[in-house]
Amino acid sequence: MLHLILFLFFGAICVAGAVNLLVQSHPINSALSLIAVMASLAAEYLLLGAEFVAAVQVIVYAGAIMVLFVITIMLLNAGVEERSKGSRVAILLGIPGVLIGGVLVAWTLLYRSNTQAVPIGALKGDPVDIARLLFHDFLLPFEVTSVLILIAIMGAVVLASRPEALARGARKDEG
Amino acid sequence: MVPLSYYLLLSGILFACGVLGFLIKRNIITIFMSIELMLNGVNLSFVAFAARWHALSGQVFVFFVMVVAAAEAAVGLAIIISVYRTRETLNVDRVNLLKL
């Protein structure tokens, strides 16, 4: 019973944050509501018995990635977004389509799937087991992701640096 | 004891909010945040299925998704900065030319 109450509480925060992200017109407000979504998702992971994932969610997502977002918003001095006119066809076709799709998905998940309750702590999610899986069974994907990160860092540096700074660096190399 | 379907429903709602934000928002940074929201919704269903089937590999996949999200955030925000430098705007409706 307590699990259900906690799930509903944090789930409500999640949905409220996600809706708030859509409603707000200033990006910094959207970023803050996204942080609320990520923090309450970490609580949901705790309820599922995934402690390590919850900790990483807070550190990496709510910490590192969102700091990047907030820094970019402040660096670019992003203001209130301008609204553009929507198309009539999209509204006429989209809203009934979304309603039908949503009802179908909810009905399938709630009544047609063989779902069982997820007991808390049923899964051994401690870092030792995860590390054994990550560094043994998933060693090749792990190494590939490290290459991916390296490429992403180089790409970010090249893209975000000013062209004249790059040219200066090249001249320095030649001379 | 919370049924698995509730977690899947929450994950579906988050993903749908992300898709909706991707479609209706006009600020390029907010569009990018909607993508992060979608990734988070998928992560929740990964963890829920990992708990349901008692398979830890679902949790390991969450880490891979996080790594991809971090790389994507770094590169994407760098692209946003360079777009802003050339166009002086963050509105995607005004970024409609490949070459200035």
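In this predicted model, helix 2 of chain A meets helix 3 of chain A through A:P27, A:I28, A:A31, A:L34, A:I35, A:M38, A:A39, A:L41, A:A42, A:Y45 and A:L46 on the side of helix 2, and through A:E51, A:V53, A:A54, A:Q57, A:V58, A:Y61, A:A62, A:M66, A:F69, A:V70 and A:I73 on the side of helix 3. Sorted by class, the residues of this contact comprise 20 nonpolar, 1 polar and 1 charged.

The geometry of the pair can be described next. Helix 2 of chain A spans residues 27–47 and helix 3 of chain A residues 51–76, and their axes come within 8 Å while crossing at roughly 175°. Because angles over 145 degrees count as roughly antiparallel, helix 2 of chain A is roughly antiparallel to helix 3 of chain A.

Turning to the contact between the chains, chain A contributes 68 residues and chain B contributes 57 residues. On the side of chain B that touches chain A, at least two residues come from each of strand 1, helix 1 (4–24), helix 2 and helix 3 (57–87) of chain B, with helix 3 of chain B giving the most, 21 residues. That side of chain B is made up of 41 nonpolar, 11 polar and 5 charged residues.

As for confidence, the predictor assigns the complex an ipTM of 0.91 and a pTM of 0.85. Chain B has a mean pLDDT of 89, with 100% of its residues at 70 or more; among its elements, the highest mean, 91, belongs to helix 2 (residues 28–53) of chain B, and the lowest, 81, to strand 1 (residues 2–3) of chain B.

How values were computed
Residues numbered from 1 in each chain as written. Chains lettered and ligands numbered in written order. Predicted model: local features only at pLDDT ≥ 70, side-chain atom pairs only at ≥ 80, totals over all residues. pLDDT = per-residue confidence, 0-100. Helix = DSSP H or I, 4+ residues; strand = E, 2+ residues; numbered from the N terminus. Contact = placed C-beta atoms within 7 Å. Nonpolar A, V, L, I, M, F, W, Y, C, P; charged D, E, K, R; others polar. Axes fitted to C-alpha atoms, helices over the stretch in contact; angles between N-to-C directions. Parallel < 35°, antiparallel > 145°, perpendicular 65-115°, else oblique.
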